[in-house]
Amino acid sequence: MTPSGAAVRVYPDIWLTYDFYLRRPVVELDRPRVEQLLAGSASGAVIMSRESWTGLQPRAHPSWRIVAIRRVADDEMVVLGGGGA
């Protein structure tokens, strides 16, 4: 999905401490940038809450899909990627 060491993009509803757990840099994107990213063909990975994905999915390019789901405390987090993910 992303090369080792490459930054992972995240929506602002997750903790930036993910960089520790992912062992790679985390780049936080604001909503307009996430919407712009999701409007195009899937590339790399994006992490966000399931709730955020539910709201953004109708406007996302169909190539974006959930490739992993994890529960973190009370939140369900999704990893989005593309066909090659």
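1. Let's start with Glu76, which is partly exposed at 27% relative accessibility (buried means under 20% relative accessible area, exposed over 50%, partly exposed in between, with a 1.4 Å probe and protein chains only). Its salt-bridge partner is Arg50, with N and O 2.9 Å apart; a salt bridge here is a side-chain nitrogen of Lys or Arg within 4 Å of a carboxyl oxygen of Asp or Glu. This pair links distant parts of the chain, since Glu76 sits in strand 5 (residues 75-81) and Arg50 in helix 3, 26 residues apart. Arg50 is partly exposed too, at 28%.

2. Keep in mind that this is a predicted model: local features need pLDDT of at least 70, side-chain atom pairs count only at pLDDT 80 or more, and totals for chains, interfaces and linings use all residues. Residues are numbered from 1 along each chain as its sequence is written, and side-chain values use heavy atoms, leaving out hydrogens and water.

3. Now for the overall layout: the protein has three helices and five strands (DSSP runs numbered from the N terminus, with helices being H or I of at least four residues and strands E of at least two). Along the sequence the order is β-α-β-α-β-α-β-β.

4. Next, look at Glu35. Its side chain meets that of Arg31 in a salt bridge (2.8 Å, N to O), and both residues lie in helix 2 (residues 31-39), four residues apart. Glu35 also forms a salt bridge with Arg59, the closest N and O atoms being 3.6 Å apart. Arg59 lies in the loop between helix 3 and strand 4, so this pair ties together parts that are 24 residues apart in sequence.
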